[in-house]
Amino acid sequence: MTGSQTRPARKVATAKRDRVRDHLLRLIDTAAPGTSLDSERDLAEALGVSRPTVRAALQDLARSGYLVRHQGRGTFTSPRKIDQPLTGDTTDGTAALAAPSAEGTWTSHVVTFRTSPAGPSRAARFDIATDAPILRIVRVRLVEGEPIAIERLDVPAALVPNLAPADLESGNFYHLLRDRHGIAVSDAVQTMEPTVANPDQAELLDIEVYAPLLQVERTTKDTTGRVVEFAHSVYRGDRYRITTRLHLDATSG
C-alpha cells in the first residue's frame with residue numbers, strides 16, 4: 001500500500017487519544033467538582049480504545065489540572081478552586097496573597113522550625129549582621145484539611161522572641177506580628193510565576209511530581225521601612241485561582 005492509502009500508526013494513536021480527551025472534557029464540563037470517573041478499563045471498553053490510550057489522556061488532563069489521580073482510589077474531577085482576590089490594599093494588616101484572606105478555613109502544619117545564622121545573602125536582605133539568627137519556618141497550608149500550599153518564611157529571630165510552632169498552626173501571621181510583637185506590616189513586593197512540583201513538594205501536597213504550581217515570593221516591610229519577612233510559597237495549580245479587579249480609563253489599552 002502507498003502512504004496515501006494508510007495512516008501512520010502515530011497519527012492513529014494521537015487521533016484516538018484526542019478523541020478520548022475530548023470525551024473526558026465533556027464529562028468534566030458536566031460533572032460536579034470531585035466526581036469520580038469510571039476506571040481505565042471501563043472507559044477503554046466504552047470508547048473502543050486501549051487502556052494505555054485512556055491512561056495517556058487521563059495523565060494529560062491531570063497535568064493540565066482538570067483531573068486529580070489518587071493511587072489506589074481512582075481519578076476524580078478537580079475540586080472547586082479556592083479563589084484569592086489579588087489586591088495591593090494592606091489596610092487590614094495583610095498583604096496581597098496572604099492566604100487567610102482567601103476562601104475557606106486555613107490551618108497549617110509546621111514542617112520546619114529552626115534558627116541559623118543569616119549568612120551574607122539573608123543578612124543583606126534584612127540589613128542585619130551575618131551572624132544574626134534567622135528563624136526559618138516551613139509549613140503546609142491546608143484548607144478544610146486538604147494541603148493547598150507550602151510556605152517558607154524567613155524572619156529575623158530577634159523580632160519574634162518566644163514564637164513557637166503551635167503559634168503558626170492557625171490564624172494570620174501578620175496579625176500575630178502585630179498583636180504579640182508590635183510589628184505592623186505596611187507594604188510588600190511580590191512576584192508570581194508558574195512552576196511544577198518537585199518530589200518533596202509533591203509528597204507534602206499529595207499531588208503528582210511535575211504537577212502545576214504557582215510560585216510566589218514576597219518581601220514584607222513594616223511601617224518603619226524595615227524588612228521583617230521573606231516568604232517563598234507554592235500553591236497548587238489545580239486548587240488555587242487568583243482573581244484581579246482592573247480599573248480601566250481612557251488611557252487603558
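Trainee: Which residue follows α2, and what is its phi?

Mentor: Gly-48 follows α2, and its phi is positive, near 70°. This is a predicted model in which local features need pLDDT of at least 70 and side-chain atom pairs count only at pLDDT 80 or more, while totals for chains, interfaces and linings use all residues. Residues are numbered from 1 along each chain as its sequence is written, and side-chain values use heavy atoms, with hydrogens and water left out.

Trainee: What makes a stretch a helix or a strand?

Mentor: Both are DSSP runs, numbered from the N terminus: a helix is a run of H or I with at least four residues, a strand a run of E with at least two. Helix α2, for instance, covers residues 40-47.

Trainee: Which residues of α2 are buried, and what does the word require?

Mentor: Glu-40, Leu-43, Ala-44 and Leu-47 are the buried ones. Buried means under 20% relative accessible area, exposed means over 50%, and partly exposed lies in between (1.4 Å probe, protein chains only).

Trainee: How do you know on which side of α2 they lie?

Mentor: They cover an arc of only 100° around the axis, so they sit on the same side of α2. The arc is that of the directions from the helix axis to the C-beta atoms. On the face turned away from the buried side are the exposed residues Arg-41, Glu-45 and Ala-46.

Trainee: Why is the contact of Arg-55 with Glu-40 called a salt bridge?

Mentor: The rule asks for a side-chain nitrogen of Lys or Arg within 4 Å of a carboxyl oxygen of Asp or Glu. The closest N and O atoms of Arg-55 and Glu-40 are 2.9 Å apart, so the pair qualifies. Arg-55 belongs to helix α3 (residues 51-63) and Glu-40 to helix α2, so the bridge ties together parts that are 15 residues apart in sequence.

Trainee: Are these two partners buried or partly exposed?

Mentor: Glu-40 has a relative accessible area of 13%, so it counts as buried. Arg-55 has 30%, so it counts as partly exposed.

Trainee: How many salt bridges does the rule give?

Mentor: The count is 13. Another of them joins Arg-122 and Asp-154, at 3.5 Å from N to O. That pair links distant parts of the chain, 32 residues apart: Arg-122 is in helix α4 (residues 119-126), Asp-154 in strand β6 (residues 146-156). Both are buried: Arg-122 has a relative accessible area of 12%, and Asp-154 has 2%.

Trainee: What makes Arg-180 and Asp-167 a salt bridge, and how accessible are they?

Mentor: Their N to O distance is 2.8 Å, so it passes the rule. Arg-180, at 43% relative accessibility, is partly exposed, and so is Asp-167, at 22%.

Trainee: What is the strand order of the open sheet?

Mentor: The 6 strands run in the order β4-β5-β6-β9-β8-β7, with antiparallel pairing. Two strands pair if DSSP finds at least two bridges between them.

Trainee: Why are β4 and β7 called edge strands?

Mentor: β4 (106-117) and β7 (185-196) each pair on one side only.

Trainee: What makes β9 largely enclosed?

Mentor: In strand β9 (residues 227-236), 10 of the 10 residues are buried, so the rest of the structure largely encloses it.

Trainee: Why is the pair of Phe-173 and Tyr-174 called tilted?

Mentor: Rings of Phe, Tyr and Trp (its six-membered ring) pair if their centres lie within 6.5 Å; planes under 30 degrees apart are stacked, over 60 edge-to-face, and the rest tilted. The structure holds 1 aromatic pair. Phe-173 is buried at 7% relative accessible area, and Tyr-174 is buried at 4%.

Trainee: How do you know that Arg-125 lies over the face of Phe-230?

Mentor: A charge sits over a ring if NZ of Lys or CZ of Arg is within 6 Å of the ring centre and within 35 degrees of the ring normal. Arg-125 lies over the face of Phe-230, at 3.7 Å from the ring centre.
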